[in-house]
Amino acid sequence: MSARKRIFKEDILSAGIRVIQKHGAEALTVRNIAGELGCSTQPIYSEFRNLDALKAALLPYAEEKYLRFSFTNYKSFALAFLEFAQTQKELFKFLYLRKRKNGEKIIEDVNYDATVKLLSKNLEMTEKQAKDMHRWMQYYCYTQGVMLATDYRDLSLQEMGKELTELFSIMLRHYKAVKSEEELQNWLEKARNLII
């Protein structure tokens, strides 16, 4: 008598991600996940009461696994997000192009607190200013991510980096009330560790 294969929650979530990556979120069914695992649907229903519960668990799992970044450079956060949108199109769509429930955040950002702290400290801003500035950067990155994930745009990492630096300069002008090109260059130099 052979031992039964033990399927753990992590195995199921990982298989769910693979189904999305290969076939898109619309292919996310208990049967397809079981097929990916090479098992019956029983172990999946033992861990999750239904497909909706599994999908709800997949969202934070995917965010932690694919979107938790440990950079100290603001531009690197944005580039990693955009690269994720470009290379993990189906997973990006699952996370960001889904209908939201009432009260659910439009843009989730697992790096939010660290990013706001980074901006506030390095740019000598209040926390409110840093949050405002980061919100606009989120809007830009989310928009670009959608265009990359849906093949509306195709940018190299170098092109993405150039656009991010240009946007950062515009935002510095606004949030630091920069009045001259010289003053902008001073702030860009001061913020060098954030954008290079």
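I count contact as heavy atoms within 4.5 Å. Helices are DSSP runs of H or I with at least four residues, numbered from the N terminus.

Ground rules: I'm working on a predicted model, where local features need pLDDT of at least 70, side-chain atom pairs need 80 or more, and totals for chains, interfaces and linings use all residues. Residues are numbered from 1 along each chain as its sequence is written, and side-chain values use heavy atoms, with hydrogens and water left out.

Confidence check: pLDDT is the predictor's confidence in each residue, from 0 to 100. The chain averages 88, and 91% of the residues score at least 70.

Next I looked at α2 (residues 30-37): which of its residues are buried (under 20% relative accessible area, 1.4 Å probe, protein chains only)? I found V30, I33, A34 and L37. They sit on the same side of α2, because their arc (directions from the helix axis to the C-beta atoms) is only 100°. On the other side I noted R31 and G35 as exposed (over 50%). The cover over the buried residues of α2 includes α1, α3 (42-47) and α4 (51-67).

Then I checked α1 (residues 9-23) against α2: their axes, lines fitted to C-alpha atoms over the stretch in contact, come within 9 Å and cross at roughly 105°. That makes the two roughly perpendicular (65 to 115 degrees between N-to-C directions, on a scale from 0 to 180). On the α2 side, the contact is made by N32, I33, E36 and L37.

Last entry: just after α2, G38 takes a positive phi of about 70°.

Conventions
Angles under 35 degrees count as roughly parallel, over 145 as roughly antiparallel, 65 to 115 as roughly perpendicular and the rest as oblique.
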